[in-house]
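Here are some notes to read alongside the model.

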Amino acid sequence: MGSAKMENSGWKFKKVIITGAAGFIGFALAKKLSQMQMKVWAVVKENSKRIQDLKELSNVEIVQCDLKYYDRLEKLIQEKEFDVFYHFAWQGVSDEDSKDLDIQLANVKYACDAVSAAQKLNCSKFLFASSIMEYEVMKLMETELIANKRNMYRTAKIAAHYMTRIVANNLEIDYNAAIISNVFGKGEISNRFINSTLRGMLVGERVKFTEAKQLYDFIYIDDAVEVLILMAQRGKRNKNYYIGSMEPRSLRNFIYDMRDCVDPSMEVGIAEFKEYIGVSLTYQEMDIKACYDDFGFVPRYSFKDGIRQTIEWLKECP
């Protein structure tokens, strides 16, 4: 089975808005749409470090606007009649801000402001970037385990997901939510799991883990971008679409795959850290086949293919 072809998928949009366009996924999406000759309005915070990168893309208009001023987007963007509004912008994903109640509550308000801005700019569809962490915190709340402060971010994502849909529905804007699993690949500069593990392996460090038996799923950035475009083109109204490989495996299998791509003889420290305490997804909590069922989407990159691409990028951009 081959992946769905975007150019043959029906409606081909021409004008989009992307908030958080300086981020890993937002920038990759802006770059791909630029290459497809779409016109992109890239909304970034003032003095973003990636403004120059965005300036190098064709068909991209840069809009400098912090989250708290999204109610001004209508005045900052002179155009009207947009096909889709992608909302990725969010303060505090994995740092200390992710635990901050005020910051996370503000994110929910700003996401709703983005929907209102989309309506004023005559956008046909609003696409909210959510996360499988929604499902993790919901599962946690069914247990008696301690809910630590990092769950502020996860819970805010749930609230923003639900509230943006309510606002969009009442403003009569088509709505989809992307349930993003773990996206990796060239262009990511964070210290998340794939990046930190590969960087350690590439310098010969003995990387250490728990038993790593819990299920995980990963998807390469180019495949994730393709799903996001297909969602805008063909997503069914109010439907959530899972963005992942659709083939969850135990985390240790992914670790061994990374090791094999770097150096098959390398030893990795499985079970050298205290076992993970918390909830783990079964991936039956969500419809992981929705993109295949609705779009015929199948990832172009296997996990190892994506890891090899990422390794080459890391070597060029240490």
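How many disulfides does a search of the whole structure find? The model is a predicted one, and the search finds zero.

1. Cysteine 112 takes part in no disulfide. Its nearest cysteine sulfur belongs to cysteine 123 and lies 16 Å away, whereas a disulfide needs the two sulfur atoms within 2.5 Å. Cysteine 112 has a relative accessible area of 14% and is therefore buried, the cut-off being under 20%.

2. Cysteine 123 is likewise in no disulfide. For cysteine 123 the nearest cysteine sulfur is that of cysteine 65, at 14 Å. With a relative accessible area of 8%, cysteine 123 is buried.

3. The next topic is a helix pair. Helix 9 covers residues 251–262 and helix 11 covers residues 303–316. The two pack with their axes 10 Å apart, at an angle of about 50°. The crossing of helix 9 past helix 11 is right-handed.

4. Which residues meet where helix 9 and helix 11 are in contact? From helix 9 come Phe254, Asp257, Met258, Asp260, Cys261 and Val262. Helix 11 supplies Phe303, Lys304, Ile307, Arg308 and Ile311. By class, the residues of this contact are seven nonpolar and four charged, with no polar ones.

How values were computed. Residues numbered from 1 in each chain as written. Predicted model: local features only at pLDDT ≥ 70, side-chain atom pairs only at ≥ 80, totals over all residues. Heavy atoms only, no water. Buried < 20%, exposed > 50% of the residue type's maximum accessible area, 1.4 Å probe, protein only. Axes fitted to C-alpha atoms, helices over the stretch in contact; angles between N-to-C directions. Helix = DSSP H or I, 4+ residues; strand = E, 2+ residues; numbered from the N terminus. Left-handed = near helix turned anticlockwise from the far one by under 90°. Contact = heavy atoms within 4.5 Å. Nonpolar A, V, L, I, M, F, W, Y, C, P; charged D, E, K, R; others polar.
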